[in-house]
There are 2 protein chains.
Amino acid sequence: MNEETICAICTAPGMGAIAVIRISGPEAFSISDKIFKAASATKSISNAEDHTVLLGNIHQEERIIDEVVATIFRNPHSYTGEDIVEFSCHGSVYIQQKIIQILIKNGCRMAEPGEYSRRAFTNRKMDLSQAEAVADLIASTSASNHKLAMQQMRGGFSRELDKLRNDLLHFVTMIELELDFSEEEVEFANRKDLNELAEKLEKHLHKLTDSFRLGNALKNGIPVAIVGETNAGKSTLLNKLLNEDRAIVSAISGTTRDVIEDTVNINGLTFRFIDTAGLRQSTQDEIEKLGIERTYQKIEQAHIVLWVIDSTMVSEHIEWMAGKIIPRTKDKSLIIIFNKSDKISKDEQLVLDDLFKIYSKNRIHISAKKGENLDILRGKLLEIAGLPDLERQDIVVTNLRHYEALTLAHEAILRVQQGLHDNHSSEFLSQDIRECLHHLGQITGVITSDEVLQNIFKNFCIGK
Amino acid sequence: MNEETICAICTAPGMGAIAVIRISGPEAFSISDKIFKAASATKSISNAEDHTVLLGNIHQEERIIDEVVATIFRNPHSYTGEDIVEFSCHGSVYIQQKIIQILIKNGCRMAEPGEYSRRAFTNRKMDLSQAEAVADLIASTSASNHKLAMQQMRGGFSRELDKLRNDLLHFVTMIELELDFSEEEVEFANRKDLNELAEKLEKHLHKLTDSFRLGNALKNGIPVAIVGETNAGKSTLLNKLLNEDRAIVSAISGTTRDVIEDTVNINGLTFRFIDTAGLRQSTQDEIEKLGIERTYQKIEQAHIVLWVIDSTMVSEHIEWMAGKIIPRTKDKSLIIIFNKSDKISKDEQLVLDDLFKIYSKNRIHISAKKGENLDILRGKLLEIAGLPDLERQDIVVTNLRHYEALTLAHEAILRVQQGLHDNHSSEFLSQDIRECLHHLGQITGVITSDEVLQNIFKNFCIGK
């Protein structure tokens with residue numbers, strides 16, 4: 001249990017009808033009682049029942065600062081597992097700051113970012129991956145990343161891992177017992193059972209690490225590169241997708257002006273569109289060459305590539321372009337977009353379809369300028385992005401830290417399997433199992449270091 | 001009691017650790033129970049005790065939207081006097097909007113601005129002036145306007161008025177009884193007692209209307225005009241006052257670029273500094289003349305005038321300037337500021353003091369550029385602003401609507417006094433007393449119209 005009592009404004013910054021200030025720690029009740037007088041004279045926070053609210057005034061000496069509602073959570077039945085008081089006050093910025101000031105004067109300390117959640121973790125109210133999910137949940141801006149965070153916060157992901165880890169722990173104990181009797185060649189750990197467990201774990205870890213590509217995309221937006229010749233209408237298309245959706249989450253300028261990224265929410269799924277520099281054959285200009293290199297990199301990072309072609313002017317470079325784009329999108333989804341379709345006839349469209357039929361089954365005729373067929377494009381994006389996976393309640397890893405730990409755990413368990421196959425000694429087996437246990441333990445926080453915790457919680461917002 | 005159940009996000013807009021959603025109305029419990037499942041299976045919002053909190057999940061069909069804390073306030077023990085549920089959820093913008101969406105789907109209506117407070121008024125949880133003070137309290141940005149709003153919210157202002165109004169009501173009933181017996185010349189209302197009451201009321205109303213000048217200044221910032229010749233350093237001074245305090249509340253550009261207003265918080269008191277166009281003698285330019293006209297207007301509106309003079313270059317126009325400024329500041333506080341004092345000697349400063357000794361007892365030598373003696377200036381401003389009045393717990397009127405009603409009530413009571421003095425008939429007296437009662441009743445809302453209420457509450461924030 002922590003010694004210090006902390007306080008922070010928990011609601012969004014600025015003026016609102018109400019604001020909430022949270023106090024947590026051993027002195028939460030006694031400090032609160034110093035500054036709070038209940039409307040009913042016989043009541044106080046210290047003697048209030050758990051999970052009840054009291055109406056009263058916060059005062060500084062004789063001066064009343066605000067009429068507030070105090071909610072009392074008694075340790076361990078609180079978010080942090082400590083005594084907690086939440087003051088719901090009038091949402092004036094002045095009042096919020098004043099109450100924090102008075103709390104600090106009376107012995108509280110300002111909470112650091114994520115400190116409430118860190119205490120919740122320390123007091124075993126949640127494991128580390130759950131605490132991390134709280135931050136993701138608060139930052140969630142779409143149905144899909146909300147769902148992933150919620151799933152993780154509810155332990156859907158760490159519970160199964162913990163179970164497997166415990167099973168594995170049992171085996172390593174047995175194996176290490178064998179070491180004590182190494183001259184007697186006993187086998188406490190059943191190798192067949194261990195092999196089965198290792199297989200099960202390997203499969204599970206493989207599935208989880210595999211899910212990260214999707215999870216990361218869902219969390220940060222599915223990367224979609226928009227490529228094509230200059231003037232094919234790439235930027236017009238991007239702007240249309242952004243403006244029509246009126247759901248721009250952020251706009252990040254690339255390192256140079258020729259790569260622009262923007263995220264858009266389509267039916268609860270976030271896409272990160274990446275506009276790239278126009279591709280051109282035989283560029284002498286060194287600077288342009290750099291731009292084209294960058295375009296290739298962006299294709300590399302994308303899950304989906306939109307190749308925008310000017311329908312009215314299928315250039316002589318098209319074969320060259322195809323040669324550059326197609327090989328780079330072999331393991332991705334490529335959508336060929338014939339833009340400016342309003343300027344050509346239906347027959348001409350069919351000719352284009354025919355011309356490109358070997359390249360992709362995804363071909364769409366649109367007019368970015370007039371907004372024609374953009375709904376079909378959106379539908380295709382959703383179809384390709386594979387939201388169905390998510391609906392089947394599969395567990396999806398979204399956190400880079402977890403992914404790295406899972407990958408290392410996976411490598412270790414593969415070595416365990418190999419060791420079992422090669423009849424390695426208990427000593428070697430035990431080492432690899434220990435390593436696997438270590439990495440698994442880091443995810444839920446069974447094994448952790450202050451540095452890791454600091455890194456995790458510093459990215460939380462204040463008040464959580 | 002209202003038929004509709006309303007909901008709104010009550011905390012400041014945007015992402016925070018937590019957000020609060022408030023539901024009020026006859027269906028608050030039943031709607032909440034449809035979307036909320038308590039962690040403890042036997043509990044529900046409908047059967048929860050008053051002033052308690054429940055942990056649970058908000059769900060949409062099978063999907064969990066968030067883990068929340070629900071606070072239950074049973075009618076009439078709530079802010080609005082109706083049944084209220086407050087959901088404290090994770091402060092993701094997505095979650096906030098989603099919960100509101102689900103509530104509306106289940107029969108809630110979005111609350112209009114101020115609708116909770118309006119219901120509190122309708123259900124007699126507070127009178128109208130108290131409800132208005134809630135909005136002022138939320139908007140308060142400094143110790144002084146916070147204090148005024150708090151005083152008003154706690155009824156310090158309306159309670160006394162209500163008492164006097166009731167006394168007056170007693171008299172008018174008596175007087176109107178006399179009308180029924182008009183042919184018999186009876187006097188049910190003791191004229192001497194009525195006269196005493198009228199005198200008391202007149203005094204009280206006079207004091208209140210008088211306090212509005214201060215109240216308005218404290219609420220909106222005490223207006224301080226900065227005048228002087230071009231290049232005397234007016235803008236430098238303004239910027240210094242603003243930047244050094246790092247407490248700029250707002251920056252409003254005037255209708256033209258030559259009047260700039262900015263508010264600054266000095267020791268809990270808000271000052272509204274008004275930079276004006278430089279005054280110059282014999283301006284032919286029509287546009288400049290307009291600017292100077294506007295400067296005069298700003299002096300008119302100010303409570304305090306700072307006349308900034310360039311110490312290094314007391315111009316030949318100084319007499320002309322004095323002739324323009326001094327007569328316009330007779331009923332105001334004038335501070336003469338010798339700027340650029342770092343560039344002249346102490347002796348030269350004394351010469352300047354001597355030169356201006358007839359104009360003002362407030363003279364300060366400063367260097368705006370170097371920030372010298374600005375503390376003395378701030379001290380003078382605080383001294384002049386008269387915060388002591390506030391400390392004596394005097395009641396101060398800050399609301400224009402109240403001021404207007406008080407002024408009309410005051411005029412009516414003066415007519416009552418005159419009528420008593422001139423021995424007017426009961427009929428005439430009754431008319432004037434009724435008018436006074438009407439205006440007093442409008443302040444606390446005993447007498448009101450839907451239009452007035454609409455006007456008052458539309459300026460509230462949503463969620464209050």
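This is a predicted model: local features need pLDDT of at least 70, side-chain atom pairs count only at pLDDT 80 or more; totals for chains, interfaces and linings use all residues.
Some housekeeping: residues count from 1 along each chain as its sequence is written, and chains are lettered from A and ligands numbered from 1 in the order in which they are written. Local features need pLDDT of at least 70, side-chain atom pairs count only at pLDDT 80 or more, totals for chains, interfaces and linings use all residues, and side-chain values use heavy atoms, leaving out hydrogens and water.

Let's begin with the domains of chain A. The assignment, automatic or from a database, gives domain 1 (6–111), domain 2 (134–215 + 399–457) and domain 3 (221–385). Taken over C-alpha atoms, the centres of domain 1 and domain 2 of chain A are 42 Å apart.

Now, which residues of helix H10 of chain A are buried? In H10, residues 318–325, they are Ile318(A), Met321(A), Ala322(A) and Ile325(A); buried means under 20% relative accessible area, exposed over 50%, partly exposed in between, with a 1.4 Å probe and protein chains only. They lie on the same side of H10(A), because their arc around the axis is only 100°, going by directions from the helix axis to the C-beta atoms. An α-helix has 3.6 residues a turn, so residues three or four places apart point the same way. Their cover includes strands E8 (222–228), E12 (304–310) and E13 (333–339) of chain A.

On to Ser211(A), in helix H7 (residues 191–220) of chain A. Ser211(A) counts as buried because its relative accessibility is 10%. Beyond neighbours within four places in sequence, Ser211(A) contacts Ile395(A), Val396(A) and Val397(A), contact being heavy atoms within 4.5 Å.

Note on methods:
Helices (H or I, at least four residues) and strands (E, at least two) are DSSP runs, numbered from the N terminus.
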